[in-house]
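Please read them with the coordinates open.

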Amino acid sequence: MTPVMVITMVVCFALTISVAVSIGLASILGIHASNANMLISVKEMFNAINKFPLAAIPFFILAGNLMETGGISRRLVDFAKSLVGGVQGGLPMTCVLTCMIFAAVSGSSVATTFAIGAILIPALIKHGYPVGYAAALQATSAELGVIIPPSIPMILYGVSAEVSIGELFIAGFGPGILISLALMAFVYVYCKFKGLGKNDGEGRLSVGTATWRAGWALLMPVIILGGIYGGIFTPTEASAVAVLYALIVGTLIYREIKPAELYAVLRKSVVSSSVIMFIIANAGLFAFLITRAGVPDAIGRWLQEVLQSPAMFLLGVNAALFVIGMFIETSAAIIVLAPILAPVAQHFGIDPVHFGLVMVVNLALGMITPPFGVNLFAACTVARISLDRIVPYLIPFVLVILACLMVVTYVPGISLGLRDLVYAK
C-alpha cells in the first residue's frame, strides 16, 4: 500500500497536480491496493476536519479580509511608518513591522501578503525601490503571519500532535520578534549599502496622529491575544471575536465596509477556507493510512538509529523540512508529518512545543521558496510581475530566515521562555 501511495503522489507532483488532489488520489489508490473498504476514505476525511479547533481557520481568514476591506490594514501601515519610517530604509522596515502587527490577528501569511502588499508594494515602487525587491520583501515579511500568534499552522500542529494551542501561540512570540528584528536590521543595512530609501519619510504622520487614527485597529490584537492569555476565551472563540470586532470597526466606526461589499468578502473567505479544509481532509486520510501501515514507527526507529543525538536529529529534520516545504503546502506538510516526527522528537527529549515552532518556522520558509511558494505567487499578483523577477532579491531574505531558524532550533529558550513564564508548572 505505501509504495503505491508514494509513487502516485510523486507522479502527481511531477504532473503539477494540486497538492490536495495528489494526496487524496494517492490515498484512494492505497486503499484500493490493500483491498480495504473504500468507506474508510469518507470516514477518515470527515474525522480529519471534525475537530473544534479547526473552526478558527475560516474565522481568522474572514477577520483578515474584513481588516483589509475595512481600512484597518491601511491605518496599521500609517502607524508603523510613524515609528520607523523616518530613517533611511524606513519604508521596508514599515513593511516588516506592519506585517508583524497584522499577523497578530490574521493568522494567515497569504492574507497578510494581499492586505499589506496592496498598500506597501506600490509605495515602495514609488519611492524608487525595484519592483522585484518590493515583492520579495512583502512575501518574506508576510511569513510572520504564520509565526506571530494566532497562527493557522500552529493550530494544525496542535491538533495533529495533540499539543496545547495556547502554549504554541505564546511560544510563537519569541521566534516572531527575532525574525522581525533580523529582517528590519537587514533591510536597514541593505538600503544604506545600496543608497535606497533616502526619502522614505515623505508623507509620514506624527506618532501621536498615527496612533490616534489607528487606535481601534491597534486595540484589536490586544483584545484577541489578551482574551486568550487572560483565560476569557479559547483560541477558537478568539477567531469569532476577531471577526465581530473587525466587522464592527469596519462598518460602524471607520465606515469603509459597505453592505454591498460584504458578499465579496464572505465569498473570498469561503473559497480560501474551503481550499485549506480540502487539504486537511485529504492529508488526514493520508496520515491515517501511513500510520496504519506502520510508517511513522519505522521512520522513528530509523531516525533513532541514524541520528544519535537531539542536535543531529534537529539538523536532519530541518534539512528535510526545508526541501519538503519547497514542494508541499505548509498545512498539508504539518498534518502529514507532525504525527510522525513529534513522537520521535519527544523520544530525544525535545519539548513538543519547541519542536512545533521549529516545524512552523521551517515550513513557513516554503511559502517564500520556489517553485510552489504561495507568498511569492501572491506578491507577484499584487506587483504584477513574473516570479523570475523576484528570485535574485529573494535569496538574501531566505538566508536571513535560515539564520533565524538555526537560532530558534538550538536556543529553545527563545520559544519556551515566555511559555514557561505564562504556563508555570
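The points below go from the overall fold to single residues.

1. **Ground rules.** This is a predicted model, in which local features need pLDDT of at least 70, side-chain atom pairs count only at pLDDT 80 or more, and totals for chains, interfaces and linings use all residues. Residues are numbered from 1 along each chain as its sequence is written, and side-chain values use heavy atoms, with hydrogens and water left out.

2. **Fold content.** The protein chain has 22 helices and 0 strands. Both are DSSP runs, numbered from the N terminus: helices are H or I with at least four residues, strands are E with at least two. The radius of gyration is 21 Å, close to the 22 Å from the globule rule for 425 residues, so the chain is as compact as a globular protein of that length. That radius is taken over C-alpha atoms, and the globule rule is 2.2 Å times the number of residues to the power 0.38. Along the principal axes, the C-alpha atoms fill a box of roughly 65 × 50 × 50 Å.

3. **Burial and surface.** Of the 425 residues in the protein chain, 54% are buried. Buried means under 20% relative accessible area, exposed means over 50%, and partly exposed is in between (1.4 Å probe, protein chains only). The accessible surface of the protein chain comes to about 17100 Å². Carbon and sulfur atoms hold 69% of that surface. Areas come from the Shrake-Rupley method with a 1.4 Å probe; for residues, only the protein chains shown count as cover.

4. **Contact range.** Take contacts in the protein chain between residues at least 6 apart in sequence: 80% of them join residues at least 24 apart. Contact here means heavy atoms within 4.5 Å.

5. **Aromatic pairs.** How many aromatic pairs does a search of the whole structure find? The search gives 8. Rings of Phe, Tyr and Trp (its six-membered ring) pair if their centres lie within 6.5 Å; planes under 30 degrees apart count as stacked, over 60 as edge-to-face and the rest as tilted. One of the pairs is Tyr133 with Tyr190: the centres are 5.0 Å apart and the planes are at 5 degrees, so this pair is stacked. Tyr133 lies in helix H8 (residues 131-141) and Tyr190 in helix H11 (residues 173-194), so the pair ties together parts that are 57 residues apart in sequence. Both tyrosines are buried.

6. The rings of Phe186 and Tyr190 have centres 6.0 Å apart and planes at 35 degrees, so the pair is tilted. Phe186 and Tyr190 are 4 residues apart in helix H11, about one helical turn. Phe186 is partly exposed at 21% relative accessible area, while Tyr190 counts as buried at 18%. One aromatic cluster is formed by Tyr129, Tyr133, Phe186, Tyr190, Tyr393 and Phe397.

7. **Charge over a ring.** The charged end of Arg75 sits over the ring of Tyr254, 3.7 Å from its centre. The test asks for NZ of Lys or CZ of Arg within 6 Å of the ring centre and within 35 degrees of the ring normal.

8. **Cysteines.** The structure holds 0 disulfides, defined as pairs of cysteine sulfur atoms within 2.5 Å. Cys95 is buried, at 0% relative accessible area. Cys12 also counts as buried, at 5%.

9. **Prolines.** The peptide bond from Pro149 to Pro150 is cis, with omega near -5 degrees. Pro150 is placed in the loop between H8 and helix H9 (152-161). Pro310 is found in helix H17 (residues 310-327) and is partly exposed at 35%. Leaving aside neighbours within four places in sequence, Pro310 is in contact with Phe348 and Ile350. Pro310 and Ile350 are 40 residues apart in sequence, yet 7.3 Å apart in space, C-alpha to C-alpha.

10. **Positive phi.** Please check two arginines. Arg255 has a positive phi of about 55 degrees although it is not a glycine. Arg255 is in the loop between helix H14 (235-253) and helix H15 (259-292), and is exposed at 62%. Arg384, also not a glycine, has a positive phi of about 60 degrees. Arg384 is in the loop between helix H20 (374-383) and helix H21 (391-410), and counts as exposed at 76%.
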